[in-house]
Protein chains: 4
Amino acid sequence: MSGVWGNNIRLSIFGESHGKGIGIVIDGLPPGVELNLDYINKEMQRRAPGKNNISTPRKEADQFEILSGYFNDRTTGAPLSAVIWNSNQRSKDYDSIKNVMRPGHADYPGYVRYSGYNDYRGGGHFSGRITAPLVFAGAIAKQILNKKNILVGSHIKCIENISDDELDFVNIDFNMLKEISNKSFPVINDEKGELMKEAILDASSDLDSVGGIIEAAILNLPAGIGSPFFDSVESKLSHMLFSVPSVKGVEFGVGFDITKMRGSESNDQYFIENDKVKTYTNNNGGITGGITNGMPVIFRVAIKPTPSISKKQKTIDIASKENKELEVHGRHDPCIVQRAVPVIESVSAITILDLMMEKGEI
Amino acid sequence: MSGVWGNNIRLSIFGESHGKGIGIVIDGLPPGVELNLDYINKEMQRRAPGKNNISTPRKEADQFEILSGYFNDRTTGAPLSAVIWNSNQRSKDYDSIKNVMRPGHADYPGYVRYSGYNDYRGGGHFSGRITAPLVFAGAIAKQILNKKNILVGSHIKCIENISDDELDFVNIDFNMLKEISNKSFPVINDEKGELMKEAILDASSDLDSVGGIIEAAILNLPAGIGSPFFDSVESKLSHMLFSVPSVKGVEFGVGFDITKMRGSESNDQYFIENDKVKTYTNNNGGITGGITNGMPVIFRVAIKPTPSISKKQKTIDIASKENKELEVHGRHDPCIVQRAVPVIESVSAITILDLMMEKGEI
Amino acid sequence: MSGVWGNNIRLSIFGESHGKGIGIVIDGLPPGVELNLDYINKEMQRRAPGKNNISTPRKEADQFEILSGYFNDRTTGAPLSAVIWNSNQRSKDYDSIKNVMRPGHADYPGYVRYSGYNDYRGGGHFSGRITAPLVFAGAIAKQILNKKNILVGSHIKCIENISDDELDFVNIDFNMLKEISNKSFPVINDEKGELMKEAILDASSDLDSVGGIIEAAILNLPAGIGSPFFDSVESKLSHMLFSVPSVKGVEFGVGFDITKMRGSESNDQYFIENDKVKTYTNNNGGITGGITNGMPVIFRVAIKPTPSISKKQKTIDIASKENKELEVHGRHDPCIVQRAVPVIESVSAITILDLMMEKGEI
Amino acid sequence: MSGVWGNNIRLSIFGESHGKGIGIVIDGLPPGVELNLDYINKEMQRRAPGKNNISTPRKEADQFEILSGYFNDRTTGAPLSAVIWNSNQRSKDYDSIKNVMRPGHADYPGYVRYSGYNDYRGGGHFSGRITAPLVFAGAIAKQILNKKNILVGSHIKCIENISDDELDFVNIDFNMLKEISNKSFPVINDEKGELMKEAILDASSDLDSVGGIIEAAILNLPAGIGSPFFDSVESKLSHMLFSVPSVKGVEFGVGFDITKMRGSESNDQYFIENDKVKTYTNNNGGITGGITNGMPVIFRVAIKPTPSISKKQKTIDIASKENKELEVHGRHDPCIVQRAVPVIESVSAITILDLMMEKGEI
């Protein structure tokens, strides 16, 4: 199984990079939610390629067409489905290399998993393009969460060795986070952002690629969301985050750095202020015992360098079982971190929506 | 929901630290598996406290009693259930502090989540003690995986600032990993292990605690296990790993460090040797596109410092809604990393068993 | 998989007739529900054998022991588990016939399903005894539903060829249904009940057995519960009802007889009375389009004659692969319909609780 | 939730009668299955309306368009999705009656369930038209089962008071069942079939409708499929069967009539013939203890009369909360039983495929 997720809302994704189209079915949405289609479109454009010189010049319209579950401008409560039609494919590009397993891609594991029957063109169902329907669903989830004043925002924490400014985990200004998230290159410090772009272009000119870290924050989530053990907020979020292609690490709060602290430092001590329970620090990223404590939920996601590079690489031909060399010339992204930002936010928003529904809050 | 997990095998855990007992139901095990109960017992003793001066002196026998699903020394295929009876509880210890929310613990989120009806004694259902049934299930999963020559092993990668020697991600000797895993303090370099223990004792004498990182490897897993997107190996493993209390980060392969590499370095290039597909490096930890590629599966897990410390901490009284100070004197673990090792291995083994069954390999 | 069920509450059952004990884990119960243990006990005694001359003289105490999820007389919200210890087993009875497949029982299918490793004593995990934990869970579900004034009641519609009086599907008196359900032999017309008991004793004296039909009604369920297609109320209820051993048919409203009607008769026509929507008839048993319409939910369940009979039967020896004859002398129930009544009510109550939680009504 | 089903394959359906289209995502299909699209088309035509004078003259092309999961004439193993575009709708027909709740339809329960936001045109997501994607999926399931020589066949057991000839539950000829199933009006005895058609036309001329019973048989299913309790074959099949609109009863083997038998008759006694275990009778319909025993799986499904009739009916206006009368003139089916046959076969085939995969047989 691969494409079905969720307890309270349930997603079912489908599609291949070079097939007719890609899409999603979202079951369990509350009825009567008025959708802002322009907002959905805007979110999808954040992910879409071909925007600038740090993304692939490949153009994908990423226009969605809603097929069901939407009537008189509102959700009906029945499964809401949408298709994004494919176009601008150069499927021929892939024919000559169908047996040549691209390093860093799913070509080889996918070949074994599906006994060679997988659609190999452009990564097929493994393509990052399949995240477009997730952004569609995420844009709906965000709209529903917004009505509860819940914001899922993020910034690019680093690209290769360039880091953005630090986020204050305890006090995060709602409007500031929203503004940062909405930047075309979402960083706190735009000068650092320029250095990051330079690093990307530098890699690009080397026929190479870079990765980075996305840091996300979820604001105004009430305490008491999630469950101990198998349905902890960390379990549910990480499950979804690791389903995004190229994610290799997920950490909450200060994450791995918490292992350098002592308990007296890592424990987030409580106080009451104006009848609201808060913590002085937020090393645990708003989650203890798997459940939200009312502080901002903070996490970071490691995105590996784009596996598609034009540099010569060693690999194998799966048909002839021979070692060989590969040079993939094409329209690659030298970095996908900035395009992954809306995807990370989307899968987070979807997960939070599911958890809020579990608790009966939505 | 919290205590049910799995697609092909399904776990259902229950119990509280100071209730009658804790336990697990494991549904979907293949019938006819001969179980080595001594091995299960040995695994559970790895997790049990009271073994030495770096663990709590609290003694928990952790003797399991199998109630069903086991007949004539073999699994029957019907749900296998086991109970571990509680004993040696000092429930009175907790009465005076039931409204005082211990920082770093689930007391406050749990109070909100369950409207104050949760069993607060010793953390109740949130207690790390509930991982004992997971080790029971893990010991069964390991036995089944062993028959396929699959090994789930691990070592303590670091405690506070002390690091163990590096693991070679490409070539991991089966017997060496097994031997390390089975050490009472599982490290590659025992001298580093001694330094780690000193760091633990040092924190303990400061009435404080430390955390650390566990690094695990899964050997001989075939290529082609897992699925793209929602059932990626990383999604499934991280879901389970983050369900273990105190885990704050999970990364695969070189993890977050992959963001400092360029694509030409992070891509694990392929070659064929003796008809077997291998990669020169293993930066992706044996998983690309969410699916195993036949190389060792490698991941690291960040364990936060034990939240139970004797140092004075600021907190709140949830009944009176007042700020107050807390000193918890008791039988605390200054570090739970070494006790978490079999838990991390267990939930990994269970997940891998589930994935292997999904693929029809078991 | 076999023993895990549910979306919003989740049940996990375990145990064998002649093992140490049988039990259940119930995950997802709302926290803070005060439980009446006497009521649970009373419900379990309705199912327990050894009560009278129309049941097996085998005595089973069916005393439950709650292990978790229950604290200070209330549910905690954590998984609630209970064990019913086995006793009064005569496991030796089964040794001599372990390879002789009893007709009408699960012996042969179970042997194939579990490759011969199933616990064959007394039906093992296939035993009707495993319904005792379902009655335990059902008694909890009923208590929660009662607070919403929802009643799950039933009567024995017929035993062999003897039928009880008709239930008026449109107007069912709450107290009358409650009273009937609570009879030791739950029928509307006690004279018919006496005739049914005679039919049972008659079969018993012939070393034979009889079956019957249970008709159930759920009162005060609001309109709008359930979903179209895969989670229709009929789908969910029938799934659970057919999981009860010996059930061979399930029908809603007038059931199969609706096929003899014309649409103008079978359609339940609406009217409004005192602001409440009602139907003149209730041929559809309170469900149209898979969703409740506010009328009483009505269904019938066919229970086959007890497969355990003392009469000589033809069968096979699975080890020697030979045809042979079988006479099982033992403490059989000549009829299990009256003991199945609380089981049918219980699984229905559990299902309705799950559906009510899905809709956010509980 | 409503539109997601399954453990090993997972279906996700979507669409409304008068929306853009309806469709399905099928996840978990084995890769490399060559599909006969003509066969799928033929199956869908069996369900499609407008074929003759006993169906609605409404024409629905029911042409499917596969969007994903299918490459080079074979399944890829990735989610296979298909859309059936809507056309020939007369949405205006429904505008004037949108607040008038049609008896026997889901209008009123759906209105409550979805707070009035459901698409009311032509029944919206509740429309029988949504079964077309199930027939699409069923045609794929049948092709996969056929390779194991498993046949899902059926006949119309009765229409109103006219019954077809009896099926011999013990010996069912493979080719004969296939042939009957493939008839345009699938009955054993065509003379009875003609009488049935007369009954349908008779109802039609009375502006009324009729229902009937479909009897299905599954041949060559191995013993040992299914599980006790919650995943019994009866539970799984009935869950799916009751998800088909208009189904009000499901019974296995002799079904409700088993309650008129004694145990000595209802028990299917075993014998071995040519090394194959068989039963002399098949009153239990090939299933005991929830698991197949190797005999034909037999069940019957009650289909209620089409709720759409032109006769005047009493009902309510949900907006004005007034009682009123309704006459729906339109293109109704006087009977949907013959069109439901491929739907019943399809959901059965899908369920059996799922169960076979669970057992590792496919």
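**Ground rules.** I am working with a predicted model, in which local features need pLDDT of at least 70, side-chain atom pairs count only at pLDDT 80 or more, and totals for chains, interfaces and linings use all residues. Residues are numbered from 1 along each chain as its sequence is written, chains are lettered from A and ligands numbered from 1 in the order in which they are written, and side-chain values use heavy atoms, with hydrogens and water left out.

**The sheet in chain A.** I looked up the strand order and found an open sheet of 5 strands, β1-β2-β3-β7-β4 in chain A, with antiparallel pairing. Strands here are DSSP runs of E with at least two residues, and helices are runs of H or I with at least four, numbered from the N terminus; two strands pair if DSSP finds at least two bridges between them. At the edges I noted β1 (4-5) and β4 (64-68) of chain A, each of which has a single partner strand, so one side of each is left without a neighbour in the sheet. Between β1(A) and β2 (residues 10-15) of chain A I found 2 bridges, and V4(A) stands opposite S12(A) in β2(A).

**Chain A against chain B.** I then turned to this contact (heavy atoms within 4.5 Å), which takes 106 residues from chain A and 106 residues from chain B. The two chains bury about 8400 Å² between them, 60% of it on carbon and sulfur atoms, where buried area is the accessible area (1.4 Å probe) that two parts lose on being put together, summed over both. I found 8 salt bridges across the interface, each being a side-chain nitrogen of Lys or Arg within 4 Å of a carboxyl oxygen of Asp or Glu. One of them joins K248(B) to E234(A), with the closest N and O atoms 2.8 Å apart. I also saw that strand β11 (residues 247-252) of chain A and strand β11 (residues 247-252) of chain B run antiparallel and are joined by 3 bridges, with G249(A) opposite E251(B).

**Chain D against chain C.** Here I looked up the corresponding entries and found 106 residues from chain D and 106 residues from chain C in the contact, with a buried area of about 8400 Å². In chain D, the residues that lose the most area to chain C are F229(D), F230(D) and K248(D), together 12% of what that side buries. I counted 8 salt bridges between chain D and chain C, including one between K248(C) and E234(D), whose closest N and O atoms are 2.7 Å apart.
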